[in-house]
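I set out below what I looked up in this structure, entry by entry.

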Amino acid sequence: MLETPSFTDIFKNRHSIRHFDPNVLIDQAEVMAIIEDATNTPSAFNLQPWRIVAVNTPEARAKVKPSVLPANYSQFDSAPVTLFVLGDPKAHNVFRDMLKARLDAGDIAQVEYEELLKAPFLPLYDNAAPEFLTQTAITGASMLAMSLLLNIRAHGYEDIGWYGFDMETIVDNLDEDSDRYIPVLAISLGKPDETLADEEHDDSARYHFDQISKFL
């Protein structure tokens, strides 16, 4: 049985990998488990303003590649899976649908359902400026992306987060609604190609506390 690494190892010893072993595939069920674990990421009012598209077949890669910038071909071509994380500025609309589904399933009572629909944050989002909704979606999806990056390592794989893609075409090429979703990050994952290990660069030096933070 694969031993789960410690959080310290997961967090401190991850490095971006740009060359993956194309012969090591990841079962679709495990990809789903990685995503489902990461969706425990907190979000404002639990709106979960994100959507993930997994690209894990040659056909899917061929469809998406025109939106990928050449500098990112190495990881996109070699990784068995690339996850595209999108932000959803309209997540508050889906929230109402989710509540109705919970009511229909018997998870909540009618009284509780009606009270939740009166939540003060819903009118706030209904009347919010587009810039606010966009920023909320990007923030939430970015938090999910970080959870994915760490959870991938917990499953015994390595990864790289990147956003070298055409912002104007990527959502359409993922067969998603470009009027709704915002591209946030791509995450390629798999096992490193050990034959190209010398080409991987460990640029992991970090700024000291006093260079990036302070107590007010």
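The entries that follow concern a predicted model.

**Entry 1. Conventions.** I number residues from 1 along each chain as its sequence is written. In this predicted model, local features need pLDDT of at least 70 and side-chain atom pairs count only at pLDDT 80 or more, while totals for chains, interfaces and linings use all residues; side-chain values use heavy atoms, with hydrogens and water left out. Helices (H or I, at least four residues) and strands (E, at least two) are DSSP runs, numbered from the N terminus.

**Entry 2. Packing of α2 and α8.** I looked up how α2 is placed against helix α8 (residues 130-154): the two pack at an angle of about 130°, with their axes 9 Å apart. The axes are lines fitted to C-alpha atoms, for helices over the stretch in contact, and angles run from 0 to 180 degrees between N-to-C directions. This angle makes α2 oblique to α8; angles under 35 degrees count as roughly parallel, over 145 as roughly antiparallel, 65 to 115 as roughly perpendicular and the rest as oblique. The crossing of α2 past α8 is right-handed, the near helix being turned clockwise from the far one by less than a right angle.

On the α2 side I noted A33, I34, I35, D37 and A38 in the contact, and on the α8 side L144, S147, L148, N151 and I152. Contact means heavy atoms within 4.5 Å. I recorded 7 nonpolar, 2 polar and 1 charged among the residues of this contact. Ala, Val, Leu, Ile, Met, Phe, Trp, Tyr, Cys and Pro count as nonpolar, Asp, Glu, Lys and Arg as charged, and the others, Gly among them, as polar.

**Entry 3. A29.** I found A29 in helix α2, partly exposed at 48% relative accessibility. Buried means under 20% relative accessible area, exposed over 50% and partly exposed in between (1.4 Å probe, protein chains only). A29 and A186 lie 157 residues apart along the chain, and their C-alpha atoms are separated by 20 Å.

**Entry 4. Strand β3.** Of the 5 residues in β3 (residues 158-162), 4 are buried. I noted that β3 pairs with β4 in the antiparallel sense over 5 bridges; pairing requires that DSSP finds at least two bridges between the strands. D159 stands opposite L189 in β4.

**Entry 5. Positive phi in loops.** Q48, a residue other than glycine, has a positive phi near 50°. I located Q48 in the loop between α2 (28-38) and β1 (50-55), partly exposed at 34% relative accessibility. D175 likewise has a positive phi, near 60°, and sits in the loop between α9 (170-173) and β4 (182-190). At 56% relative accessibility, D175 counts as exposed.
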